[in-house]
Amino acid sequence: MKKSFASRLFDAGNAAFLILLSVISLYPLWREISLSLSSRDEAMRGGLFLWPREFTWTAYTHILDSGYIWVAYGNTIFITIAGTLLHLLVTSSAAYALAKRTLPMKNMFLLLIVFTMIFSGGLIPTYMVVKQLGLLNSLWAVIALNLSSGFNMIIMLNFIRAIPEEIEESAMMDGANPIRIYVSFILPLCKPVLATLALWVAVSLWNNFFQSMIYLNDQSLTTLPLLLRQIVAGQEIAQQLGQLDDTTTESVIAATIMVSILPIVAVYPFLQRYFTKGVMLGSVKS
C-alpha cells in the first residue's frame, strides 16, 4: 500500500527522533570508552570526545594490574551468581506452591506478598535483623536481602498458572511426586520467565551499591560499585591508581567503568531471546 506524504513525513521524523535519542543515550558511554583509551595529556584537556585521543591502553593496564579490581570482581561475581540462583530457586518454588488451588490460606499469603511491595521494615530494623543473624561484613548479607521479590514472584506465579494442569496430572499418574514435577516439568517450561528474572536480578545485584556500602565494611569485601565509588571520590585507591606519571584519575575512572559494566553487558545477548516472551507471558493473568 502506497503511503501518503504525511505518513512518510511522520516516519522520517520518527526515525530522526529515535536516532537522535539513541545518540544522546549512547554518547556518555562512548565518551567513557574514548576517555579511557586516551593519553594523560589529552584526558586532562577534557572537552568533547568523539574518538580516543593519542590511543593508549595505559589506564586499563593500571586497573588490571591492581589487586583491588580482582578482589572486587570476585566478590561481585559471587554475589551475582549465588544471589541470582538462590533468588530464582526461592521465587519459583514459592510461586509453584501458590499456583496450587488447594493451598490453604493462599489468599492470605498473596496478600502478604503484595504488602511487601508497598511497605518495608525500613533501614534500621533491617540492619538490626542482619546484625542479629551475624551477617554483617559478609557477602551473604547482600544475597539474603535479595532472596525474593514480591513483583518477581507475581510474574512467576502468573506464568506457572498458564501451564496446563494436564501436564502435572499426567506426571502424577506416572508416579512423580511434587518435587519431581517441579524440577523435571515446571522449571524446564519456565525457561523464558526464569531467564527474564535472572537478567533483572543479576543486573540489580551486579550494580548493588547501597546495601554493599551499609553491610560490607572490610576492604576484602569490596565490590565493583564500591570500588568505583572510592575511585570517583578520590580515596586511597584512586590516589594509588590515578596519580601516576602516565595516566590521570579521569582515565582510571573511565577504564573502571568500562571494566565494571562489560561482563553484565556481555550476558544480555544470550538472554535477549527469552526476554520479551518471559515478560509478556508472565504479566498476563490467567
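Author: Buried means under 20% relative accessible area, exposed over 50%, and partly exposed in between, with a 1.4 Å probe and protein chains only. This is a predicted model, in which local features need pLDDT of at least 70 and side-chain atom pairs count only at pLDDT 80 or more, while totals for chains, interfaces and linings use all residues. Residues are numbered from 1 along each chain as its sequence is written, and side-chain values use heavy atoms, without hydrogens and water.

Reader: Is Arg31 buried or partly exposed?

Author: Arg31 is partly exposed, with a relative accessible area of 23%, whereas Glu32 counts as buried at 18%.

Reader: How many salt bridges are there?

Author: Side chains of opposite charge can pair when their charged atoms come close. A salt bridge is a side-chain nitrogen of Lys or Arg within 4 Å of a carboxyl oxygen of Asp or Glu. The count comes to three. One of them joins Arg31 and Glu32, at 3.9 Å from N to O.

Reader: Which side chain meets that of Lys100 in a salt bridge?

Author: The partner of Lys100 is Glu168, at 1.8 Å from N to O. Lys100 lies in the loop between α4 (67-98) and α5, and Glu168 in helix α9, so the pair ties together parts 68 residues apart in sequence. Helices are DSSP runs (H or I, at least four residues), numbered from the N terminus.

Reader: What does Glu165 form with Arg101?

Author: Glu165 and Arg101 form a salt bridge, their closest N and O atoms being 2.9 Å apart. Glu165 is partly exposed at 39%, while Arg101 is exposed at 65%.

How values were computed:
Helix = DSSP H or I, 4+ residues; strand = E, 2+ residues; numbered from the N terminus.
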